Amino acid sequence: MKFAGVTIVVPREIMAGEKRVAVVPETVKKFTEAGAKVIVETSAGKDVYMDDEQYRAAGAEIAPGASELYSRAGLILKVKEPQLNKETGVHELELFPEGSVLACFLHPANPLNHDMVKGLAGKNITSFTFDSIPRISRAQQMDVLTSMSTAAGYKAVINAANHLPRFLPMIPTASGIVGPAQVLVVGVGVAGLQSLATAKRLGAKIKALDIRAEANEQAKSLGAEIVPFDLPEGMGIGEGGYACSLSEEWCDREKTALMPYVSSSDLIILSALIPGEEAPILLDQAMVGNMKKGSVIVDISIDQGGNCSLSRHGEEYDYNGIFISGVANIPAYLPVDATKMLAQNVWFYLNHIVTDGKVVSDSADEIIVQSLVTRGGKVVHEGTLKAFGSVRE
């Protein structure tokens with residue numbers, strides 16, 4: 001059987017606000033039927049309303065705590081990167097057995113995670129990150145990033161609406177008509193498109209900018225006004241049609257194009273990402289300073305560093321009358337549906353990287369190469385190595 005001899009351990013997530021879990025009973029059953037031993041930490045599924053008995057019925061063993069769970073690990077399956085457990089004062093990485101395998105959202109290019117990634121290499125842990133699974137046709141069923149981006153784009157607008165001190169839609173009243181809120185989305189990938197669609201359904205006036213013409217056409221089809229910004233043909237488009245880094249000169253030009261739209265917006269959703277790399281800064285302090293009081297910024301890209309220079313990872317705060325949300329891990333705020341999607345994607349992904357009871361990390365396969373972060377005591381992830389050499393301004 002494909003997973004014979006593989007012990008998969010699934011912890012209860014400890015990141016603040018993280019309610020998802022990496023497996024559901026349905027996928028536990030698939031793993032065990034394929035020969036794996038699955039051990040789930042007690043209460044791991046509590047926040048998605050799946051109890052220990054449901055996991056036991058699917059074939060999992062329940063571990064009473066993280067220490068025992070990790071001591072038996074072959075393959076550690078998590079949602080988010082290893083964290084410091086503030087209750088115990090012990091970092092999860094300290095509990096991982098040397099030479100084990102880790103698969104989760106590592107966001108390895110984010111400077112906040114660089115020490116952790118180096119720690120994984122130092123313990124000779126082979127690690128894979130879900131956020132670098134390439135978006136190619138044969139990886140469609142394992143595309144965790146797309147699934148979670150759908151959740152993030154939707155929830156970002158809902159969160160923003162809660163903080164916006166005005167209506168999103170046009171509202172006729174006895175005292176006159178209240179015009180619709182102006183919503184700007186920067187970065188029109190899956191999350192950006194979902195943000196536009198949600199804001200449109202809520203009645204806002206939507207505008208968008210992406211450095212890819214095709215993405216702008218998709219935004220336009222949703223009714224968005226496109227911010228004029230023309231790049232030379234082929235610039236800004238990387239492998240597979242995804243966005244790639246621009247030079248400093250062209251980044252400055254993009255900011256200039258955005259400026260009048262930023263200053264007139266009530267709500268800005270930032271979701272511009274370069275696959276596997278640190279997120280580009282597209283909104284700086286001066287631009288935020290020109291925004292209307294009471295405006296809201298939600299930086300979806302914060303897990304990879306953020307698109308706004310003022311965003312604080314995991315924090316929401318008021319900056320001179322502008323509400324800036326750097327809430328990390330937005331999909332965790334839709335834990336039931338997000339977990340269902342994630343668990344299915346993870347099942348297909350592990351099916352791809354496991355062969356004859358072993359995790360394959362030395363293959364030339366594109367899916368493995370791009371999602372592999374550490375192996376053999378070294379950091380091998382291209383975007384992370386690039387970020388190691390950069391200085392965030």
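In the predicted model, T146 lies in helix α6. Its relative accessibility of 23% places T146 in the partly exposed class, because buried residues fall under 20% and exposed ones over 50%. With residues up to four places away in sequence not counted, T146 touches R135 and V190. The C-alpha atoms of T146 and D131 are 9.0 Å apart, and the two residues are separated by 15 positions in sequence.

S132 is located in the loop that connects β8 to α6, the helix of residues 144-163. A relative accessible area of 7% makes S132 buried. When neighbours within four places in sequence are left aside, the contacts of S132 are G276, Q370, S371 and H381. Between S132 and L106, which are 26 residues apart in sequence, the C-alpha to C-alpha distance is 9.3 Å.

Strand β8 belongs to an open sheet of 8 strands, arranged in the order β3-β2-β1-β4-β7-β8-β20-β21 with mixed pairing. Strands of a sheet pair through backbone hydrogen bonds, in either the parallel or the antiparallel sense. Within this sheet, β1 (residues 7-10) and β4 (residues 75-80) are parallel and are joined by 2 bridges. In this pair, I8 is placed opposite L75 of β4.

Antiparallel pairing is found between β8 (residues 126-129) and β20 (residues 372-375), again described by 2 bridges. Here S127 faces T374 of β20. Strand β20 also pairs with β21 (residues 378-379), in the antiparallel sense and over 2 bridges, and R375 stands opposite K378 of β21. The hairpin formed by β20 and β21 has 2 residues between its strands, and G376 in this hairpin adopts a positive phi near 60°.

Most residues other than glycine have a negative phi. N320, which is not a glycine, has a positive phi of about 50°. This residue, N320, is situated in the loop between β16 (316-319) and β17 (322-325). N320 counts as exposed because its relative accessibility is 51%, the threshold for that class being over 50%. A positive phi of about 50° is also assigned to D356, likewise not a glycine. D356 occupies the loop between β18 (354-355) and β19 (358-359), and its relative accessibility of 68% classes D356 as exposed.

A further set of paired strands involves β11, β12 and β13. Strand β12 (residues 205-209) has 4 buried residues out of 5 and is therefore largely enclosed by the rest of the structure. On one pairing, β12 runs parallel to β11 (residues 182-186), to which it is joined by 5 bridges. Q182 has K205 of β12 as its bridge partner. From β12 the chain crosses to β13 through helix α8 (residues 213-221), in a β-α-β crossover that is right-handed.

Empty space left by the protein can be located by rolling a probe the size of a water molecule over the atoms. The second largest pocket has a volume of about 670 Å³. Its lining comprises 24 residues, of which M15, A16, Q83, L84 and K86 are the closest to the pocket centre. Divided by class, the lining of the second largest pocket consists of 10 nonpolar, 8 polar and 6 charged residues.

Terms used. Residues are numbered from 1 along each chain as its sequence is written. This is a predicted model: local features need pLDDT of at least 70, side-chain atom pairs count only at pLDDT 80 or more; totals for chains, interfaces and linings use all residues. Side-chain values use heavy atoms; hydrogens and water are left out. Buried means under 20% relative accessible area, exposed over 50%, partly exposed in between (1.4 Å probe, protein chains only). Two strands pair if DSSP finds at least two bridges between them. A crossover is right-handed if, with the strands pointing away from the viewer, the path from the first strand over the helix to the second runs clockwise. On a 1 Å grid over the protein atoms alone, a cavity is a set of points where a 1.4 Å probe fits but cannot get out, and a pocket is an open set with protein on both sides within 12 Å along at least five of seven lines; lining residues have an atom within 4 Å of a point. Grid points are joined across faces, edges and corners, and a volume is the space filled by probe spheres set on the points. Ala, Val, Leu, Ile, Met, Phe, Trp, Tyr, Cys and Pro count as nonpolar, Asp, Glu, Lys and Arg as charged, and the others, Gly among them, as polar. Contact means heavy atoms within 4.5 Å.
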